[in-house]
Amino acid sequence: VDLKILYRGPLSSCNYGCQYCPFAKRKEGRAELARDREALHRFVGWVESRTQDKLGLFFTPWGEALVRPAYQEALSRLSWMRQVEKVAAQTNLSYPLRWTERANPARLAFWATYHPEWAKRASFVAKCKALDEGGFSMSVGVVGFARFREQIARLRDELPPHVYLWINAVKDELQGLSPQDRAFFSEIDPLYERNTRHYPSLGRACRAGAQVVSVDGQGDIRRCHFIPQVIGNLYRDPGIEGALAERPCSAPTCHCHIGYVHLDYLELGKVFGAGLLERVPRGRWEDWRGQET
Ligand code: SF4
Ligand code: SF4
């Protein structure tokens with residue numbers, strides 16, 4: 001198969017405690033962490049066995065996974081497998097980066113989020129620069145609260161100019177933003193306004209379920225993170241081949257970047273191209289200015 005897989009195992013803890021975080025507010029015990037590691041090993045083993053496939057993998061945990069050596073090891077290994085075209089992960093970059101020296105920079109990519117109330121900017125920026133110099137593809141982002149404006153402006157100044165900085169729209173709080181706030185976010189991220197919308201999706205064609213799926217720790221396959229119906233299992237019959245099919249979306253709207261990028265009518269493949277998983281737009285990010293749709 002030629003497929004993108006969003007992997008989200010049971011892990012649901014984080015070393016940060018962002019007030020705006022919808023998950024990761026709990027500590028896990030040894031047994032839970034062991035269960036998560038087992039699920040991860042099983043998934044990596046499955047990928048390893050799929051030598052005829054072309055796979056893009058995206059780790060989208062309920063918390064922070066890359067602080068854990070098992071994930072560091074897994075990502076390094078996956079990045080060297082021939083069938084893995086890209087392996088990307090959402091992360092807060094709060095750990096030493098030595099493990100990335102074992103990874104393949106041509107295949108491992110980062111979706112790095114800066115959390116101003118938890119991370120020191122200097123250390124975060126130093127890590128972004130190290131990854132960039134190491135040849136890893138990377139987008140950097142911040143959640144779009146007006147109170148973060150100063151930090152965001154400084155972050156933009158300090159990051160290498162070619163690194164794309166996205167702003168995640170806080171949909172529930174858009175009403176409270178001033179026109180200046182929105183203009184500022186769009187100045188930083190020319191694609192910001194596209195992230196402020198709830199896109200109508202019911203009955204629309206979406207590649208989720210056909211060219212991209214979500215997989216949990218038990219191997220259960222769903223078309224995306226937002227539609228709970230299980231459509232197959234990686235480790236049991238009928239497996240992945242039986243699960244994949246074109247289906248119209250059954251949810252009224254789609255508002256999360258990792259979902260709506262797959263909605264056919266938005267044609268966001270033209271914007272993100274090969275950087276779709278780690279949210280890196282094609283070409284120079286500045287060139288997307290003024291191309292708001
Ligand atoms: S770093 Fe991410 S996962 Fe952790 S608390 Fe903050 S938003 Fe949640
Ligand atoms: S439009 Fe969004 S909710 Fe609907 S199938 Fe695609 S990713 Fe899932």
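This short talk walks through a helix pair, a ligand shell, some salt bridges and a few local features of one structure. Keep in mind that the model is predicted.

Let's start with two helices. Two packed helices are described by the angle between their axes and the distance between the axes. Our pair is α3, residues 121-133, and α4, residues 149-158. Their axes come within 10 Å. They cross at roughly 35°. The crossing of α3 past α4 is right-handed.

Which residues of α3 and α4 meet? From α3 we have R121, F124, V125 and K129. From α4 we have Q151, R154, L155 and E158. What kinds of residues are in this contact of α3 with α4? Four are charged, three are nonpolar and one is polar.

Next, ligand 2. Please find it on the screen. Around ligand 2 sit S201, C206, A208, R223 and C224, along with I227, C249, C254, G259 and L263. By kind, the shell around ligand 2 has seven nonpolar residues, two polar ones and one charged one.

Now salt bridges. Side chains of opposite charge can pair when their charged atoms come close. How many salt bridges does a search of the whole structure find? The search finds 16.

Pair one is D2 with K54. Their side chains form a salt bridge, at 3.6 Å from N to O. This pair links distant parts of the chain. D2 is in strand β1, residues 2-8, and K54 is in strand β2, residues 54-59. They stand 52 residues apart. K54 counts as partly exposed, because its relative accessibility is 40%.

Pair two is E278 with K86. The closest N and O atoms of this salt bridge are 2.9 Å apart. Again, distant parts of the chain are linked. E278 is in the segment after α8, which covers 269-272. K86 is in strand β3, residues 84-91.

K270 has a relative accessible area of 52%, so K270 is exposed. E267 has 45% relative accessibility, so E267 counts as partly exposed. And here is the network: R50, D53 and E241 are joined into one by salt bridges that share partners.

On to the backbone. Most residues other than glycine have a negative phi, and most peptide bonds are trans. Three places here depart from that pattern.

Where is the cis peptide bond? The bond runs from D237 to P238, with omega near -10°. P238 lies in the loop between β11, 230-233, and α6, 240-243.

Then L93. L93 is not a glycine, yet its phi is positive, near 55°. You'll find L93 in the loop between β3 and β4, the latter covering 108-113. Is L93 buried or exposed? L93 counts as buried, because its relative accessibility is 1%.

E267 lies in the loop between α7, 257-260, and α8.

Two last residues. L276 is found in the segment after α8. At 10% relative accessibility, L276 counts as buried. What does L276 touch, leaving out residues up to four places away in sequence? The contacts are K4, H257, V261, H262 and L268. P252 is another matter. L276 and P252 are 24 residues apart in sequence, and their C-alpha atoms are 23 Å apart in space.

Finally, S76. S76 is in helix α2, residues 69-79. S76 counts as buried, because its relative accessibility is 3% and the cut-off for buried is under 20%. Beyond its neighbours within four places in sequence, S76 is in contact with W99, R102 and A103.

Notes. Residues numbered from 1 in each chain as written. Chains lettered and ligands numbered in written order. Predicted model: local features only at pLDDT ≥ 70, side-chain atom pairs only at ≥ 80, totals over all residues. Heavy atoms only, no water. Axes fitted to C-alpha atoms, helices over the stretch in contact; angles between N-to-C directions. Helix = DSSP H or I, 4+ residues; strand = E, 2+ residues; numbered from the N terminus. Left-handed = near helix turned anticlockwise from the far one by under 90°. Contact = heavy atoms within 4.5 Å. Nonpolar A, V, L, I, M, F, W, Y, C, P; charged D, E, K, R; others polar. Near = heavy atom within 4 Å. Salt bridge = Lys/Arg side-chain N within 4 Å of Asp/Glu carboxyl O. Buried < 20%, exposed > 50% of the residue type's maximum accessible area, 1.4 Å probe, protein only.
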